[in-house]
Amino acid sequence: MLRDGPCFAGASFGLVDAVFAPAWRYLDTFDGLCELGVFTDTPRLRRWRHELSQRPSVRAAVAAD
């Protein structure tokens, strides 16, 4: 179901993106502690994670330490 847009369903940010964006932030934190390798063979999923992480709303969701 993952499409070729910056968001899950294509060009428009939707509910799936809103739900998964916080989860990806947690996984990014864990990847910083140790390489999990969970998404090594999933280039489209990695691209989606990256695109979501670049959105201003996702970046501003958590204050800097």
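Predicted model: local features only at pLDDT ≥ 70, side-chain atom pairs only at ≥ 80, totals over all residues.
Local features need pLDDT of at least 70, side-chain atom pairs count only at pLDDT 80 or more, and totals for chains, interfaces and linings use all residues. Residues are numbered from 1 along each chain as its sequence is written, and side-chain values use heavy atoms, with hydrogens and water left out.

**Exercise 1.** Work out which residues line the largest cavity.

*Solution.* Start with the rule: on a 1 Å grid over the protein atoms alone, a cavity is a set of points where a 1.4 Å probe fits but cannot get out, and lining residues have an atom within 4 Å of a point. Counting those of 30 Å³ or more gives one cavity.

Next, read off the lining: Ala21, Trp24, Arg25, Asp28, Arg49, Leu52, Ser53 and Val58. Helix 1 (15-33) and helix 2 (43-54) each give two or more residues; helices here are DSSP runs (H or I, at least four residues). Helix 1 gives the most, with four.

**Exercise 2.** Find the salt bridge and say where its two partners sit.

*Solution.* Look for a side-chain nitrogen of Lys or Arg within 4 Å of a carboxyl oxygen of Asp or Glu. One salt bridge turns up: Asp4 with Arg47, at 3.6 Å, N to O. Asp4 is in the segment before helix 1 and Arg47 in helix 2, 43 residues apart, so the pair links distant parts of the chain.

Now check exposure (buried under 20% relative accessible area, exposed over 50%, partly exposed in between, 1.4 Å probe, protein chains only). Asp4 is exposed at 67%, while Arg47 is partly exposed at 36%.

Conventions:
1 Å grid on protein atoms, 1.4 Å probe; cavity = no way out; pocket = protein on both sides within 12 Å on 5 of 7 lines; lining within 4 Å. Points joined across faces, edges and corners; volume = space filled by probe spheres on them.
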